[in-house]
Amino acid sequence: MAEVKVVYWSGTGNTAAMAEAVIKGVNEGGATAVPKAFDGLTVDEVAGDSVIVFGCPAMGAEVLEESVVEPFMAEFEAVAAGKKVGLFGSYGWGDGEWMRSWEERIVNAGATLINDAGVMANEAPDEEALANCEALGKAAAAAAQ
């Protein structure tokens with residue numbers, strides 16, 4: 001059975017709740033979800049994966065978490081070409097600029113965005129955001145088959 005890593009960082013629990021929905025979708029989609037924290041993960045551990053889902057909330061002035069996620073993603077860009085990547089995260093202010101920037105970085109690095117866009121939730125994910133996360137997980141599972 002295909003495996004899909006769901007790699008995420010969560011400060012308040014909102015992105016973790018979204019990750020659980022993505023994981024549920026991956027498993028229901030016929031693949032095995034492998035949850036991972038960004039903390040301690042190396043790019044080498046995902047370099048061979050063809051499908052990966054990343055989650056991170058907006059921080060500061062709508063940027064990725066700066067001490068762990070940003071350095072990881074900067075290094076990941078060197079191995080992103082040809083991969084199918086899903087993105088998700090929550091935000092509490094702004095309009096989702098951090099997600100648009102993240103999507104652009106992934107595409108510019110040569111990866112394909114699963115479902116053509118990341119999934120966002122304003123603060124705690126509502127039912128619609130959780131459903132969208134499950135759909136992202138199912139699409140990631142399908143892409144991994």
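**Exercise 1.** Determine whether F72 is buried or exposed in this predicted model.

*Solution.* Buried denotes under 20% relative accessible area, exposed over 50%, and partly exposed in between (1.4 Å probe, protein chains only). F72 has 6% relative accessibility and therefore counts as buried. The model is predicted, so local features need pLDDT of at least 70, side-chain atom pairs count only at pLDDT 80 or more, and totals for chains, interfaces and linings use all residues. Residues are numbered from 1 along each chain as its sequence is written, and side-chain values use heavy atoms, leaving out hydrogens and water.

**Exercise 2.** Classify the aromatic pair that F72 and F76 form.

*Solution.* Rings of Phe, Tyr and Trp (its six-membered ring) pair if their centres lie within 6.5 Å; planes under 30 degrees apart are stacked, over 60 edge-to-face, and the rest tilted. The structure holds six aromatic pairs. For F72 and F76, the centres are 6.4 Å apart with 10 degrees between the planes, hence a stacked pair. Both residues lie in helix 2, four residues apart, about one turn of the helix; helices are DSSP runs (H or I, at least four residues), numbered from the N terminus. F76, at 0% relative accessibility, also counts as buried.

**Exercise 3.** Identify which residues M73 touches, not counting residues up to four places away in sequence.

*Solution.* Contact requires heavy atoms within 4.5 Å. With that exclusion, M73 touches F38, F54, L64, W102, R105 and I106.

Conventions:
Helices (H or I, at least four residues) and strands (E, at least two) are DSSP runs, numbered from the N terminus.
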